[in-house]
Amino acid sequence: MGAKTKTSFAGKTPCALRLSQSTSMAQLNLPSSGTGKWKVTYFDAPNRGEQLRMLLTYAEIDFEDERLQGKFPASLDPLRRATMGDDTPLMFDQVPIITSPEGTSVSQVAACMQYAGKRLGLEAKGSNPAELDARALALTLRAEEIRNKVFYGCFKPLIVDKVLKMKLGACASVCCCLKSCFGTSDSKLRKTASLLPPMVQNLEANLRTNGGSGVYFCGDSVCYADIAIFEVLLGCFGFNCFDENSLLSNCPKLRTFMSKMREQPTLQNYLAKRPANIPEFFAEKMFGSKAKTAPN
Ligand SMILES: N[C@@H](CCC(=O)N[C@@H](CS)C(=O)NCC(=O)O)C(=O)O
C-alpha cells in the first residue's frame, strides 16, 4: 500500500446499526475481511471520488478517507493488479473505489454511489422503487458525463498549459503552437464551456418532470443521485468561465435544489472546509503556483 492519510469525519450513526439486524454476514455471503468502517480510496484530490466522501459525510458515517499520496497516477501502483495480483480491490485498475465495512470493494463511481447510497438509506424512495433507482442511476451517470465533458474538459487545458510552461520555460510561440495541436486553444475551450448551459437546462427539465415535489431529482427526499449532481455542479461552477447566478437565472428549480443542498445540516462543516474553487485548488496542488483556470 502507498503512503496514505486517513481523515475521520465525526459520525453519529455507526453504519453497522444501519445494517439489517436480522441478517448475518454469513447469510449475505460477504467477505469477512472488512475493517468495520466504510472506506473511500481515491487520489488526494477533490475530483471524481469527492462525491463518495460527500455521500458518507451527508449520511454522518465515520469513514476511512484513504487518499493516495504522491504523483498521479503512480500513487495508484501499489494497489494495481500488477502489484497485488488478484488480491487487488480494484476491478479496473482505477479509483475511486468504495469498500464496505465487511470488505466488499466496488469500482466505477456511479456503482459506488448506488451501492453505498442504497445501503445507507439514501436510495430513491417512492412507490415504484425499481423505476426510481433506474432514474437515480441514470442521473448519477449523467453527473459523470458532465464531469468528463465539462469539468475535465475545462481542466485539461489548464494542465497542458502548466506542463508546457514547466517543460518549455517561457517560450510563448512554442507553447501556443503545442496548445493548438493538443486541442486546447481558447476557441476549443469556449466550445467545451458552451456544453454546460444546455446540460443545466436539461437538469432543470428533469427536476420539472420528477414525480415528487420537484425539489430533488428522484421522489421527495435526497438520494445518492442528488449528491452526485450537486457535487459535480459545485466543481464546474468553480471555473472562471462560469457564473452560477447567470447560468441558473432561468432555472428556478435547479437554483432551489442548489440552495437546499447547500443548507443540508450534515454538510455544513464539510462545505465550510471544501475549497470554494475546486479547479484552482487542484491546479495549485498539482503545480504549486497560481493558475488561471479557464477563459473568461
Ligand atoms: N469510469 C470510471 C473512471 C475512473 C477513472 O478514470 N479514474 C481515474 C482517476 S479520476 C484513474 O484511476 N486513473 C488512473 C489510471 O487509469 O491509471 C469511474 O466512473 O470510476
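Predicted model: local features only at pLDDT ≥ 70, side-chain atom pairs only at ≥ 80, totals over all residues.
Reader: OK, and does β2 run parallel or antiparallel to β3?
Author: Parallel, with 5 bridges joining β2 to β3, which covers residues 64-68. Y42 stands opposite R67 of β3.
Reader: Which helix makes a β-α-β unit with β2 and β3?
Author: That's α3, residues 50-58, and the unit is right-handed.
Reader: How many bridges join β2 to β4?
Author: There are 3, and β2 and β4 (residues 97-99) run antiparallel. In that pairing, V40 stands opposite I98 of β4.
Reader: Switching topic. How many residues has helix α9, and what does it reach from first C-alpha to last?
Author: α9 spans residues 196-208, so to speak 13 residues, and it reaches 18 Å, close to the 18 Å expected at 1.5 Å a residue.
Reader: Which residues of α9 are buried?
Author: L196, V200, L203, N206 and L207. Looking down the axis of α9, these buried residues fall within an arc of 115 degrees, so they line one face of the helix.
Reader: Why would residues a few places apart point the same way?
Author: An α-helix has 3.6 residues a turn, so residues three or four places apart point the same way.
Reader: And what does the face of α9 turned away from the buried side carry?
Author: Exposed residues: P198, N202, A205 and R208.

Methods
Residues numbered from 1 in each chain as written. Helix = DSSP H or I, 4+ residues; strand = E, 2+ residues; numbered from the N terminus. Expected span 1.5 Å × (residues − 1). Buried ≥ 20, exposed ≤ 12 C-beta atoms within 10 Å, placed from the backbone. Arc of directions from axis to C-beta. Pairing = 2+ DSSP bridges. Right-handed = clockwise from strand over helix to strand, strands pointing away.
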